[in-house]
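User: I would like to learn how to read a few features of a protein model, one at a time. Could you take me through them?

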Amino acid sequence: MLLRVCCPSSFFHIRPLHLFTSSSKLPSLRREFRLVPSRSSSSSSSSNRMESSSASSSSQTPVTALETDSLAKDLQNQNLDEGGKMKRKLEDFNWDHSFVKELPGDPRSDVISREVLHACYSKVSPSVPVDDPQLVAWSDSVAELLELDPKEFERPDFPLLLSGAKPLPGAMPYAQCYGGHQFGMWAGQLGDGRAITLGEVLNSKGERWELQLKGAGKTPYSRFADGLAVLRSSIREFLCSEGMHFLGIPTTRALCLLTTGQDVTRDMFYDGNPKEEPGAIVCRVSQSFLRFGSYQIHASREKEDLEIVRKLADYAIKHHFPHIESMNRSDSLSFITGKEDDSVVDLTSNKYAAWVVEIAERTATLVARWQGVGFTHGVLNTDNMSILGQTIDYGPFGFLDAFDPSFTPNTTDLPGRRYCFANQPDIGLWNIAQFAKSLAVAELINQKEANYAMERYGDKFMDEYQAIMSKKLGLSKYNKDIISKLLNNMAVDKVDYTNFFRLLSNVKADPNTPEDQLLKPLKAALLDIGKERKEAWIKWVQAYIQEVSGSDTSDEERKARMDSVNPKYILRNYLCQSAIDAAEQGDFSEVNNLIRLMKNPYEDQPGMEKYARLPPAWAYRPGVCMLSCSS
């Protein structure tokens, strides 16, 4: 079946970026960082925060009936701490291995780089060379998800077990096969070239968690690479995985970070000057590492591989979207998508349609939250898009410092800035279109259903984005004029994104505030602005005060609400680099300082104010503010 899935122009108007003056120098891609549905989208009710970090970052999959026996067996061997919580040794993990047992695998077990056909994975063991590996950082909250006894981190053999140098009892390691579009071009087979999944662990609540070692050695998908990872990129992934979680943004997690004791050769800037760097491994944790590209690769091969697309979809629905299986006609999930007689999409009659719509909505929510905190992923290829709507694969990411919609942290992305901050909503939609096309090729959904998923992406993004921006400004309802003019001012004057919104909560809703006092609460963010720009900011603050003064909310209450969604601390690239520089000299104290800091990004944390400072001059050198995909 041939079906062309595009982004229907009737659903979205991509407006010119209004965040610049006519004299500004723009990249070739000029976009407003919002998708605007052509029809009015329903306004969603705003929640108290983006959601609690534990709920949004690690949405847990309900236990299925097939897992009951495994849980019963697990409870017979439970070991409880003084608070009644389960605690396990590594040997006591309740492994399930549903991915390997239920899906077709590669009959070969070697790691020779090759095209792997008709398989979702290849069994492969970690092969990273180690020399006295060391555990240098870990996450207590991830250990709690796994019900891992914290004392296990003290085991002398823990670094050997979690580096893969020593087999972890019960594990059944494999590398996943997937493809993807990279920078808009189909790249064919990609796969886990340096990540090896150990298997899935079920905790006593029935939650499924995959453990994956990144940098664990070669796989059939390594191509010309060595399957290893270096310390600098591993520190960034470990810190950002946990930092995003505590910001309340869906993300994969990281259990621990280890050094291998062996150097790895890397050409960081692809300029022909490779150097030796310390090797490292991150143990990543997620309910699933399935990506859009996991489906694309099999759809691209067509013929008998189309049945694998169906099997993989059934697997994901069964284990990670079980509520979709239980839908029935009484749920009345039917939607009109046009004026024609056949324009009704009934999600209860096709579980795959309901599934792709939910993935589209989760993705839209994720991207809206990125925009809210100024996060730029940097490499939004389809193989880096999780079907669970989580942030996955932390490479050359970056948070906005000075507000610049065209900011990209990826040097490879510089020519066209395809993945710049402003373009992320558009790219999310484009990636959903490619994912939907894969399901359509396998005849799991039709054109109407694919288009409806993309329409839902746009509606959901707008609902989430408007709610987030309203909360960031302490507004009772979305005000496009106020927000657009603010972002325009911030772009013109290169205002620090994080610090400005944090300071904005100090503005009093008093229309009688003297003009010479209006900018005082924002002084630390509005640096080096001339008379003309000062007048523009005064005019905006006056309009803002007029808007918020119409609410019954007190200044104190509004400040508390705004501070709960505007972080004081984010993982700025220069903070990462400071920790990396020290770690490469054997000092991991700054890594652990950042771990503690990022656990409470919305709190003031007295004594930690230096971590909220603007980047120093050295932070703008290559390799700090911008990075390559090399790791």
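Analyst: We will go through a buried arginine, the nonpolar cores and a pair of helices. This is a predicted model, in which local features need pLDDT of at least 70 and side-chain atom pairs count only at pLDDT 80 or more, while totals for chains, interfaces and linings use all residues. Residues are numbered from 1 along each chain as its sequence is written, and side-chain values use heavy atoms, with hydrogens and water left out.

User: Is arginine 208 buried or exposed?

Analyst: Buried means under 20% relative accessible area, exposed over 50%, and partly exposed in between, using a 1.4 Å probe and protein chains only. Arginine 208 counts as buried because its relative accessibility is 2%. Arginine 208 lies in strand 9 (residues 208-214), where strands (E, at least two residues) and helices (H or I, at least four) are DSSP runs numbered from the N terminus.

User: Which side chains make polar contacts with the side chain of arginine 208?

Analyst: A polar contact is a pair of N or O atoms within 3.5 Å; within protein, one must be able to donate a hydrogen and the other to accept it, and residues adjacent in sequence count only if both atoms are side-chain atoms. Here the arginine 208 side chain makes such contacts with the side chains of glutamate 200, at 2.5 Å, and histidine 319, at 3.2 Å.

User: Which residues touch the most other members of the largest nonpolar core?

Analyst: A nonpolar core is a set of buried Ala, Val, Leu, Ile, Met, Phe, Trp, Tyr and Cys residues joined through side-chain atoms within 4.5 Å. In the largest one, which has 134 residues, they are Tyr295, Trp355 and Phe500. Helix 10 (residues 351-373) provides the largest share of this core, 14 residues. Apart from this core lies another, of 38 residues, including Phe93 and Tyr221.

User: At what angle do helix 13 and helix 15 pack?

Analyst: Axes are lines fitted to C-alpha atoms, for helices over the stretch in contact, and angles run from 0 to 180 degrees between N-to-C directions. Helix 13 (residues 480-493) and helix 15 (residues 531-548) pack at about 155 degrees, with their axes 11 Å apart. The two helices are therefore roughly antiparallel, a term for angles over 145 degrees, whereas those under 35 count as roughly parallel, 65 to 115 as roughly perpendicular and the rest as oblique.
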